Amino acid sequence: MTEFLQPLVIDRWAYVFTILLLSVGLYGLVMKKNLIKKLIGMNIFQTAVILFFIQQAYKHGGTVPIYDTTVGARPELYVNPLPHGLMLTAIVVSVATTGVALALLVLIHRRYETLNEDELLQKLRES
Amino acid sequence: MTWSQLPILTPVVLLVGATAVLLTGRIRPSLAHRLATATCASCFAIAIALAVQVHHHGPTHYALGGWSPPIGIELVADTLSVYFLLVITGIALLVMVGAAPAVERDTPGRSVEFFAISLIFLLGLSGIVLTGDLFNLYVFLEISSLSAYTLVSSGDERAGVAAFRYLIVGTIGASFYLLGLGFLYSVTGTLNMTDMAMRLDPAAIPVRLAAVMITVGLGLKMAIFPMHRWLPDAYTHASSTATALIAPIMTKVSAYVLIRILFFVFGTSMVSIDLPIAQAIMWLSVAGVLVGSTMAIAQTDLKRMLAYSSVAQVAYIGVGIGLATPLALAGALLHVISHATMKCCLFLVVGAVELQTGNRKLSSLSGIGRKMPWTFAAFTAAAVAMIGLPPTGGFFSKWYLVLGGMATGEWWVVIFVLGASLLTATYFFRLLESIYTRQSSELAPIKEAPLAVALPIVILGLAVILFGLFNSRILDLFLRDAMPPGLVISG
Amino acid sequence: MGLLLVAGPGLPAFGDPESAAAGHVSAHFVENAYLDSHTPNIVTVIIADYRGFDTLGEVVVVFVAGLACLFLLRRSNPQQTGYLLRRTDSIIVDLATRVMTPIIQVFALYVIFHGHYSPGGGFQGGALFAGSILLQRVSQGHENSQHTFSRHLDTPFAIAGVLIFAGLGVVTLLAGGNYLQYDQLPLGLRLDMLRNLGILVAEVGVAFAVVGTLVSIFDDLSCTGRGIPRD
Amino acid sequence: MFSETTQPLWALVPSLLAIPLILATARRPNLRETWTLLAALSQCAVVLSMLPWVLEGHVIESTLWSLAPDINLSLRVDPLGFLFALVASTLWIVTSCYSIGYVRGTREKHQTRYFASFACCLTATIGIAFSANLLTFLLFFELLTLTTYPLVIHKETKAALSAGRKYLAYTLPAGLTLFGAICWTATTAGNLDFVAGGFLSTKHGTAETLQLIFLLFMIGVGVKAGVMPLHSWLPSAMAAPTPVSALLHAVAVVKAGAFGVLRVTGYVFGPELLRDIGAWTALAWFAGITLTMASLLAIRQNNLKRRLAYSTIAHLSYTVLGAALLSPWSWTGASLHLVFHATLKITLFFCAGAIYVNTHIENISDMAGIGRRMPVTMAAFAVASLGLVGFPGISGFASKWSLALGSLEAGQGVFLGLLVLSGVLNASYFLPIIHAAFFKTNPAFDRVAEASPWLVAPLVITATISVVWGIAPNLGAHAVDLAMLIATSVTGEHSG
């Protein structure tokens with residue numbers, strides 16, 4: 001048991017949170033009837049992915065990736081800057097996606113006066 | 001500015017074009033369409049120039065910001081990407097030419113934004129096929145997806161719901177891709193495709209998991225069965241122009257990414273021998289072919305029928321990817337261009353019919369073939385190609401697929417692929433019969449579509465046939481060089 | 001998710017300085033970022049220079065998102081469009097926002113322009129600035145807040161942002177370099193200073209785009225636009 | 001430009017060129033029909049111009065461009081293809097005259113579409129005749145299917161439409177089977193070019209594999225050839241206007257099927273292989289059963305065209321049987337029957353059409369006494385039917401005779417018996433018609449006269465040709481020489 005837990009829990013405990021977040025997000029996506037909540041689930045899912053990248057960037061004893069003359073340009077002393085850069089972009093992308101999704105939801109709500117999936121399907125069937 | 005700058009030009013021209021469309025649109029909305037068409041035309045020209053260059057001097061690598069990979073992002077224009085770039089820009093041009101009246105009808109007063117967004121959509125797609133960097137690919141994937149959602153929502157009453165569903169599915173797909181990319185990055189420390197292909201170790205668990213996740217993510221975007229549920233709604237409720245623009249190229253580009261990553265980054269042996277990914281794709285696609293064709297038969301709405309047949313036809317490409325033999329892959333790539341042409345033609349015809357009759361129920365089409373002879377001549381050609389009868393492109397892509405399937409001894413695949421074309425024949429001949437034979441009175445005042453609308457349709461109709469007759473030219477010019485490492489087309 | 005658990009052992013240990021990801025490319029970034037562009041904030045250098053094209057893509061994403069909201073929600077002629085937000089009648093909120101807004105905006109500018117030396121940059125700063133405007137919208141109501149930032153300005157802002165960034169690239173193209181190759185800017189400075197400058201321009205472009213887009217998205221979401229009844 | 005190698009191409013051009021011209025001149029019927037006639041004449045001329053080369057034993061090859069790796073779109077004129085092309089193009093001339101008379105006589109709708117599709121069909125047929133490899137063959141074969149469909153549904157009545165659906169329901173799957181077979185051949189043999197005597201051999205796979213491929217091929221082409229049990233589209237397709245039935249269901253389509261059988265047996269598999277894998281007996285028995293059953297069924301038909309359809313099915317099986325017996329004489333007979341049956345059967349259809357145009361009668365039971373009013377037509381009918389019965393002095397005799405010799409040569413006397421039997425059956429379903437037509441009277445026909453010369457001339461011509469060939473089979477087209485060339489090249493032995 002331990003030889004399985006050792007690599008997983010002791011060395012890589014942080015990834016467990018990614019997994020949890022991913023599952024939470026998927027749960028919201030699949031289970032929730034309210035479209036807004038679905039959207040939130042989607043956001044959580046994206047956040048989990050972002051978190052996953054950031055976790056990789058972390059180094060024990062690493063400082064913020066801002067060049068410091070006292071430290072010098074020694075990679076092992078800074079946390080990995082690349083994932084941070086990538087995730088900045090990824091965050092913006094997810095913000096943009098959320099914006100569009102919200103716009104669509106507003107449109108849907110204006111047209112059908114509901115955001116509950118079942119009622120929506122009901123109205124779609126009627127129309 | 002030298003020839004070496006060609007790869008970057010397409011995205012830049014499209015971006016500048018989009019902003020220009022917005023700015024001029026505020027002053028003279030009528031200019032927007034002309035400007036968009038001009039942009040597409042110039043992109044097509046650039047694509048041709050790039051194709052010529054690649055054909056003569058081999059793949060072009062372009063280091064953005066002057067940072068050589070893997071430090072910076074690079075664009076790679078090799079035969080495969082140029083091939084897809086040609087398809088994208090060509091289709092885009094033909095759709096744009098006749099788009100004005102339909103767009104003005106579907107999205108009154110908002111056509112300027114529509115054209116700007118479609119240009120950005122094309123920017124995303126061309127970026128995807130050109131980039132050589134996996135994260136950059138993700139960014140462009142999202143650009144194209146976001147604009148695609150918006151274009152889809154530009155349709156009828158239900159378009160909003162369809163678009164939202166599409167958005168959720170698409171974003172999940174993209175997130176899976178990003179997650180897989182995260183695994184790859186964590187074990188290789190690079191994002192550049194060629195660099196990663198060298199550094200990754202196919203045996204490592206994260207790599208294999210990444211392969212699975214990326215396949216799932218792209219499968220969602222490519223609408224591989226059973227991940228195809230979003231597609232029929234999206235294509236049906238989107239405005240006719242949006243469908244004609246999205247349907248032919250969006251799923252194809254996802255297929256491109258799949259090919260690029262599976263065969264060029266992971267390598268053929270890993271995805272077809274170490275892991276059963278290729279086989280999985282193959283069988284799912286076979287199921288998709290059957291399901292799509294069967295569902296198409298049951299539809300009463302022309303667009304919805306075509307949408308389901310898209311599911312089936314894209315699955316053909318999936319079959320080719322799954323078989324992972326040179327001939328089958330050639331069939332898949334050939335089907336990319338032939339299906340893009342025929343499906344674009346069909347959807348443009350739907351648009352023209354909606355424009356002339358304001359209706360697209362199958363029942364209302366009876367006898368229209370005589371009212372709009374040119375349009376429906378092209379429609380017939382495209383339909384014949386969908387069924388896969390000679391001498392059209394559809395026939396030959398099927399020919400290569402079947403040869404590839406027989407070479408690997410996948411007899412069931414062959415049988416299903418052939419059987420499915422009977423299903424296709426069922427619904428298309430039913431359609432053609434009613435189009436040409438039945439008479440209906442309320443069609444009396446209907447005229448042939450205006451030239452700008454009809455011309456692209458006819459061109460596409462001709463192209464469908466020419467791609468069939470001269471498919472070996474395409475094969476020699478593009479597909480042989482586009483083959484992934486290790487796969488060679490004999491003969 | 002079980003798959004992920006399986007994959008766990010294959011991943012580099014958490015916080016492991018010797019992990020593959022930490023080496024290779026990112027090491028190169030850490031070592032050369034300052035020398036290349038005279039900018040201590042390595043992340044800024046990466047997003048605006050090494051991987052500037054990604055950021056341009058990011059700007060386009062933001063831009064198209066704003067365009068999408070505008071396309072989806074805004075009526076074709078502004079006269080029909082009404083806005084939901086009225087001026088608040090609570091003095092506290094009113095006063096607070098009056099005090100906060102300038103401070104936020106100054107800080108936003110600082111974040112943008114100090115992004116070279118400290119965490120921050122175009123996107124963060126732009127978001128802050130947009131936030132200050134939205135604060136005004138919420139508290140003062142739509143109509144009264146137009147004088148600080150008119151709703152007719154947002155799209156032009158976004159376009160300007162895109163054009164600044166893309167145009168920067170075009171300039172380097174015309175100057176004979178590759179796209180976004182800042183060291184080719186025809187200004188006759190040291191290479192690293194040129195890159196430094198290029199990064200700054202890029203960040204400003206990002207900021208413009210973000211401000212314009214976020215405000216426009218907010219306006220569109222909070223207006224009584226298309227859809228009821230379908231026009 | 002008119003060199004030996006380009007000649008096959010020029011054979012395709014006239015009908016191909018006619019299509020746009022016909023469509024363009026839809027408004028002016030006379031001009032439109034002129035195009036059709038011109039195309040038919042020039043096509044026949046081009047084909048005939050190749051006769052000397054073919055008789056010298058040349059095989060004219062001309063390659064257009066590459067269709068797929070190692071497979072070209074190429075045309076090839078060998079005796080068999082030439083014979084088929086000659087029949088098709090010659091009969092197109094008479095049929096065009098006849099069609100003009102017919103469609104105007106019955107005031108058909110959509111005449112432009114009619115003539116255009118007709119030209120398409122001819123292009124496809126000539127293409128089939130001259131195709132040099134299986135892929136080219138398949139191309140034109142499917143093209144023929146497509147272009148015949150509009151003709152089958154031409155009347156656009158419920159019956160016509162359902163006939164069309166039935167036609168597709170049979171021919172499209174057949175096309176797919178053929179497609180599969182060809183793909184399989186390509187994978188195993190890596191080559192698709194026709195070779196007299198066959199290019200497949202036992203080294204290309206086990207006997208079972210080859211038998212399966214052969215079966216697929218036979219299903220693929222057999223449907224068009226109306227081999228039982230794949231025949232039932234043919235009688236229904238008689239819903240089409242008579243000239244269509246005449247050319248397409250006595251000449252082009254069904255003959256394309258029979259021609260396909262000859263190609264596959266003689267030029268893909270070849271006698272040796274078929275003997276080795278023993279597939280020929282199966283085919284022979286299918287043919288034998290078909291020609292008996294079809295004749296029996298023909299007797300039961302009261303609708304003249306349906307009776308003719310069943311007789312067509314029977315007579316196609318003569319060709320198939322000849323191909324299956326693999327002996328020199330049987331192949332000679334098969335090739336000859338390809339030609340002679342075409343002329344005879346088209347005469348019969350012309351007569352049926354003429355009667356229909358004049359009296360709108362389709363049922364045999366109503367035709368008693370018609371012969372007295374339309375003596376020329378019915379005389380031609382009598383000649384043609386006697387020819388099919390195998391009456392000496394009319395062309396059908398020669399082919400049946402050599403088929404009989406062939407069956408003996410192959411040591412299969414039983415098939416000789418079947419041939420004789422079906423001859424008797426032929427007599428029993430043709431002679432009553434003639435008897436009733438001439439020796440009964442029907443007051444209803446008092447005001448009936450001969451049909452218009454447009455209709456009568458063609459059937460007189462074809463009937464005369466049959467008689468002439470009955471006396472001198474080799475006259476004009478050198479049919480016998482060609483047939484012997486074919487038999488020799490395929491079986492490798494001389495006949496007689």
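**Entry 1: chain A, overall form**

I began with burial in chain A and found that buried residues make up 43% of its 127 residues. I note at the outset that this is a predicted model. I then listed the secondary structure of chain A and recorded 5 helices and 0 strands. Read along the sequence, the pattern of chain A is α-α-α-α-α. I next looked up the radius of gyration of chain A, which is 21 Å, well over the 14 Å that the globule rule gives for 127 residues, so chain A is more spread out than a compact globule. The box filled by the C-alpha atoms of chain A, taken along the principal axes, is roughly 70 × 45 × 10 Å. I also checked the contacts in chain A between residues at least 6 apart in sequence, and 45% of these join residues at least 24 apart.

**Entry 2: chain B, overall form**

I recorded 20 helices and 2 strands in chain B. The radius of gyration of chain B is 21 Å, close to the 23 Å that the globule rule gives for 491 residues, so chain B is as compact as a globular protein of that length. I noted that the C-alpha trace of chain B spans about 70 × 60 × 45 Å along its principal axes. Of the 491 residues of chain B, 70% count as buried. Among the contacts in chain B with a separation of 6 or more, I found that residues 24 or more positions apart account for 78%.

**Entry 3: where chain A meets chain C**

I turned to the contact between chains A and C, which takes 42 residues from chain A and 45 residues from chain C. On the chain A side, I found that helix H1 (2-10), helix H2 (13-31), helix H3 (35-57) and helix H4 (81-112) each supply at least two residues. I asked which helix gives the most to this side of chain A. It is H4(A), with 18 residues. By class, I divided the residues of chain A that touch chain C into 26 nonpolar, 10 polar and 6 charged.

**Entry 4: where chain B meets chain A**

I then examined the contact between chains B and A, to which chain B gives 22 residues and chain A gives 26 residues. Helix H6 (134-152) and helix H7 (159-188) of chain B each supply at least two residues of the side that touches chain A. I recorded H7(B) as the source of the largest share of that side, 13 residues. The side of chain B that touches chain A has 12 nonpolar, 7 polar and 3 charged residues.

I looked up Ala223(B), which has a positive phi of about 60° although it is not a glycine. I located Ala223(B) in the loop between helix H9 (205-222) and helix H10 (230-237) of chain B. Is Ala223(B) buried or exposed? I counted 28 other C-beta atoms within 10 Å of Ala223(B), and 20 or more qualify a residue as buried, so Ala223(B) is buried.

In chain C I checked His38(C), a residue other than glycine with a positive phi near 50°. His38(C) is found in the loop between helix H2 (24-37) and helix H3 (42-50) of chain C. With 19 other C-beta atoms within 10 Å, His38(C) is partly exposed.

**Entry 5: cis peptide bonds**

I noted a cis peptide bond that joins Pro69(B) and Pro70(B), with omega about 5°. Pro70(B) is found in the loop between strand E1 (60-63) and strand E2 (74-77) of chain B. I placed Pro229(D) in the loop between helix H8 (207-225) and helix H9 (233-236) of chain D.

**Entry 6: a helix of chain D**

I examined helix H7 (residues 158-189) of chain D, which has 32 residues. From its first C-alpha to its last, H7(D) reaches 46 Å, close to the 46 Å expected at 1.5 Å a residue. Just after H7(D), I found that Gly190(D) takes a positive phi of about 70°.

**Entry 7: confidence**

I closed with the predictor's own scores. Chain D averages a pLDDT of 86, and 99% of its residues score at least 70. Among the elements of chain D, helix H6 (residues 134-152) has the highest mean pLDDT (91) and helix H14 (residues 370-373) the lowest (81). For the complex, I recorded an ipTM of 0.90 and a pTM of 0.92.

How values were computed. Residues numbered from 1 in each chain as written. Chains lettered and ligands numbered in written order. Predicted model: local features only at pLDDT ≥ 70, side-chain atom pairs only at ≥ 80, totals over all residues. Contact = placed C-beta atoms within 7 Å. Helix = DSSP H or I, 4+ residues; strand = E, 2+ residues; numbered from the N terminus. Nonpolar A, V, L, I, M, F, W, Y, C, P; charged D, E, K, R; others polar. Expected span 1.5 Å × (residues − 1). pLDDT = per-residue confidence, 0-100. Buried ≥ 20, exposed ≤ 12 C-beta atoms within 10 Å, placed from the backbone. Rg over C-alpha atoms; globule rule 2.2 N^0.38 Å.
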